[in-house]
Amino acid sequence: MVADLHPNLLKGGIFIYPVTALAANGKLRLVYECNPMAFIVEQAGGWATNGLDRILDLEVTEQHQRSPVFIGSAAMVIQAELFMLEAGELSFSDIPLLTT
């Protein structure tokens, strides 16, 4: 994940690893992969979400808990959430950044 996200930190963009049919809870581990990278990206002015909630606000319930991740430029992460909204995957009330 570090190597995949590095160009986004340098040039902007978004890294997406959503829920799939084979990984219903996402594939990346929350404690070891998502949280550390979310912290770094948010310190650089970006945004990190699982599609509904900010990654750093997720409660860890198990050591190897997995999560989908949308991480990178704040504008692009919001745009990805809006695409999911248009596709019927979300509602406006599901997206914290759009309701605050």
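1. Accessible areas here come from the Shrake-Rupley method with a 1.4 Å probe, and for residues only the protein chains shown count as cover. On that basis the accessible surface of the protein chain comes to about 6,000 Å². Carbon and sulfur atoms hold 57% of that surface.

2. The model is a predicted one: local features need pLDDT of at least 70, side-chain atom pairs count only at pLDDT 80 or more, and totals for chains, interfaces and linings use all residues. Residues are numbered from 1 along each chain as its sequence is written, and side-chain values use heavy atoms, with hydrogens and water left out.

3. Helices (H or I, at least four residues) and strands (E, at least two) are DSSP runs, numbered from the N terminus. The protein chain has four helices and five strands. Along the sequence they come in the pattern α-β-β-α-β-β-β-α-α.

4. A residue is called buried under 20% relative accessible area, exposed over 50%, and partly exposed in between (1.4 Å probe, protein chains only). Of the 100 residues in the protein chain, 38% are buried. A contact means heavy atoms within 4.5 Å. Among contacts in the protein chain with a separation of 6 or more, 59% are between residues 24 or more positions apart.

5. Two strands pair if DSSP finds at least two bridges between them. Three strands make an open sheet in the order β1-β5-β3, with antiparallel pairing. The strands β1 (14-17) and β3 stand at the edges with a single partner strand each, so one side of each has no neighbour in the sheet. On average, neighbouring strands of this sheet are turned by 5° against each other, direction ignored. For angles, axes are lines fitted to C-alpha atoms, for helices over the stretch in contact, and values run from 0 to 180 degrees between N-to-C directions.

6. How many bridges join β1 to β5? Four bridges join β1 to strand β5 (residues 69-72), and the two run antiparallel. Phe 15 has Ile 71 in β5 as its bridge partner. Helix α2 packs on the sheet and touches β3 and β5, its direction making about 30° with that of β5. Helix α3 (residues 74-86) also packs on the sheet, touching β1, β3 and β5, and its direction makes about 150° with that of β5.

7. Helix α2 has these buried residues: Leu 30, Glu 33, Cys 34, Asn 35, Met 37, Ala 38, Val 41 and Glu 42. Their cover includes α1 (2-11), β2 (28-29), β3, β4 and β5. Just after α2, Gly 45 takes a positive phi of about 100°.

8. Val 77 is found in helix α3. Is Val 77 buried or exposed? Val 77 is buried, with a relative accessible area of 0%. Not counting residues up to four places away in sequence, Val 77 touches Ile 14, Trp 47, Thr 49, Phe 70, Ile 71 and Gly 72. Val 77 and Gly 13 are 64 residues apart in sequence and 8.8 Å apart in space, C-alpha to C-alpha.

9. A salt bridge is a side-chain nitrogen of Lys or Arg within 4 Å of a carboxyl oxygen of Asp or Glu. By this rule there are three salt bridges. One of them joins the side chains of Arg 29 and Glu 33 (3.6 Å, N to O). Arg 29 is partly exposed, with a relative accessible area of 28%.

10. Another salt bridge joins the side chains of Glu 42 and Arg 54 (2.7 Å, N to O). This pair links distant parts of the chain, 12 residues apart: Glu 42 lies in helix α2 (residues 30-43), and Arg 54 in the loop between β3 (47-49) and β4 (66-67). Glu 42 is buried at 17% relative accessible area, while Arg 54 is partly exposed at 26%. Arg 54 also forms a salt bridge with Asp 57, the closest N and O atoms being 2.9 Å apart. Asp 57 counts as exposed, at 54% relative accessibility. Through shared partners, salt bridges join Glu 42, Arg 54 and Asp 57 into one network.

11. Asn 50 also sits in the loop between β3 and β4, and at 17% relative accessibility Asn 50 counts as buried. The side chain of Asn 50 reaches the backbone nitrogen of Leu 52 at 2.9 Å. Leaving aside neighbours within four places in sequence, Asn 50 is in contact with Ile 55, Leu 58, Ser 67, Pro 68 and Phe 70.

Conventions. A polar contact is a pair of N or O atoms within 3.5 Å; within protein, one must be able to donate a hydrogen and the other to accept it, and residues adjacent in sequence count only if both atoms are side-chain atoms.
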